[in-house]
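Notebook open, structure loaded. Today I want to look up some helix packing and a surface patch.

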Amino acid sequence: MAGDKSVETTGLIGWIDRRFPLTANIKGHLTEYYAPKNFNFWYFFGSLAMLVLVIQIVTGIFLVMHYKPDAELAFNSVEYIMREVPGGWFIRYMHATGASMFFVVVYLHMVRALLYGSYRKPRELVWIFGVGIFLALMGEAFFGYLLPWGQMSYWGAQVIVNLFSAIPFIGPELAVWIRGDYVVSDATLNRFFSFHVIAIPLVLVGLVAAHIIALHEVGSNNPDGIEIKEKKDKYGRPLDGIPFHPYYSVHDIVGVAGFLIVFFAIVFFAPEMGGYFIEYNNFIPADPMKTPPHIAPVWYFTPFYSMLRATTDEFTWVLAGSAILAAVILFARLKGSMKVIAPAILVVVAVLLRLIDAKFWGVVAMGGAVVLLFFLPWLDYSPVKSIRYRPFWHKLLYAIFFINFVILGYLGTQPPSDFFNLLSQIGTVIYLAFFFVMPAWSRVGPFKKVPERVKFRPH
């Protein structure tokens with residue numbers, strides 16, 4: 001175990017161990033950390049997220065050596081990196097590709113957690129730290145997006161920061177405070193640079209460390225959702241566990257190799273990825289006097305951007321009407337004090353939906369879609385963790401949720417239209433309903449019997 005000092009080390013390692021718990025930490029987190037022996041390919045993505053984080057930090061350090069956080073010089077400094085700095089184009093494209101691949105890996109990591117119930121007891125804190133990492137990553141990407149000082153960077157920041165002005169009472173002053181000016185300017189670029197290079201990375205690294213420590217305290221989940229710590233041999237080792245090192249440290253090399261092949265194929269042959277990774281408008285210097293015909297964030301923000309655009313004045317009428325209808329139904333069905341309290345809350349919500357501007361509710365929907373993830377461990381009442389032992393229609397619901405999220409992402413990249421807006425509204429309702437109704441549908445079976453030991457086939 002991490003605190004085991006039964007075996008004394010000698011030489012240089014022993015000298016270090018007497019002053020710093022090096023061997024104890026290696027044992028606690030690698031050689032004597034027992035992970036379930038039935039991990040599958042879904043478990044590559046945690047290690048890959050760590051790899052991409054290292055890539056982003058290292059390439060970011062080299063970019064900062066030549067980048068100028070000045071509104072007059074920023075765009076030209078990026079061009080200088082691309083054209084004059086030896087290997088600069090390679091470092092810049094690695095960093096840009098890494099930003100998108102970070103989200104690819106993190107989204108897939110979260111999909112695995114949803115499928116196998118990795119957010120359930122006793123891993124609630126692991127999940128909360130993970131969602132915190134996701135939020136910090138979104139902040140890091142947003143602040144970094146302005147730095148190239150291209151057309152889409154400039155106007156994207158202008159649109160997103162203006163959203164804060166929709167907050168009642170404090171909104172306009174808050175937007176000015178974030179920008180440091182009345183418009184996106186040199187002051188905005190400087191503070192975004194500071195957050196991107198110093199503040200958010202420190203938070204991100206701290207959250208990653210907390211995420212790993214919390215995970216190793218309670219142990220890793222597995223595709224069967226079985227707690228391997230509950231069955232141990234006479235030496236206290238889990239019967240269904242194997243040491244992370246060397247088994248999974250070597251096993252993950254396969255995932256790393258496959259990932260790097262895809263990663264460098266993008267870097268060398270398609271760094272813009274058809275305008276999804278780097279928008280073509282961002283190769284044009286920022287011009288405050290010329291608005292691009294279609295302003296949209298990078299693809300990893302677009303599902304939430306779709307929810308923002310979907311919340312129109314007409315849509316709030318529909319939501320308010322739905323709240324009133326739900327209030328009437330609950331009033332007829334509930335008994336006791338809840339017969340009045342629950343409908344009253346819904347009526348208040350319906351009134352607020354009509355009194356406050358739809359733009360504000362769009363911001364609430366966009367932010368709430370992420371905040372909801374924090375509460376997932378307490379929304380899922382299923383008696384089993386893994387999707388393997390849930391009914392088929394649960395799998396269908398998850399499939400609809402994931403497909404809907406991808407569709408929302410696509411809609412967010414497209415110019416607004418009435419038809420696309422209708423699809424976005426339907427998609428927003430599906431996304432929110434998945435979580436809000438989860439306490440009801442997650443407990444409905446029939447559920448398969450969970451085996452006492454993990455299912456494992458040597459390969």
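Before the helix pairs, a note on terms: axes are lines fitted to C-alpha atoms, for helices over the stretch in contact, and angles run from 0 to 180 degrees between N-to-C directions. Helices are DSSP runs (H or I, at least four residues), numbered from the N terminus.

I'm working on a predicted model, where local features need pLDDT of at least 70, side-chain atom pairs count only at pLDDT 80 or more, and totals for chains, interfaces and linings use all residues. Residues are numbered from 1 along each chain as its sequence is written, and side-chain values use heavy atoms, with hydrogens and water left out.

Entry one. I looked up α3 (residues 45–64) and α5 (residues 88–116): their axes are 9 Å apart and the packing angle is about 155°. The two are therefore roughly antiparallel (angles over 145 degrees count as that). α3 passes α5 in a left-handed crossing, meaning the near helix is turned anticlockwise from the far one by less than a right angle.

Entry two. Next I checked α6 (residues 124–145) against α9 (residues 186–218); the axes come within 9 Å and cross at roughly 165°. That makes α6 roughly antiparallel to α9. I noted a left-handed crossing here.

Helix α16 gives the largest share, five residues, while Leu-396 lies in α15.

Key
Angles under 35 degrees count as roughly parallel, over 145 as roughly antiparallel, 65 to 115 as roughly perpendicular and the rest as oblique.
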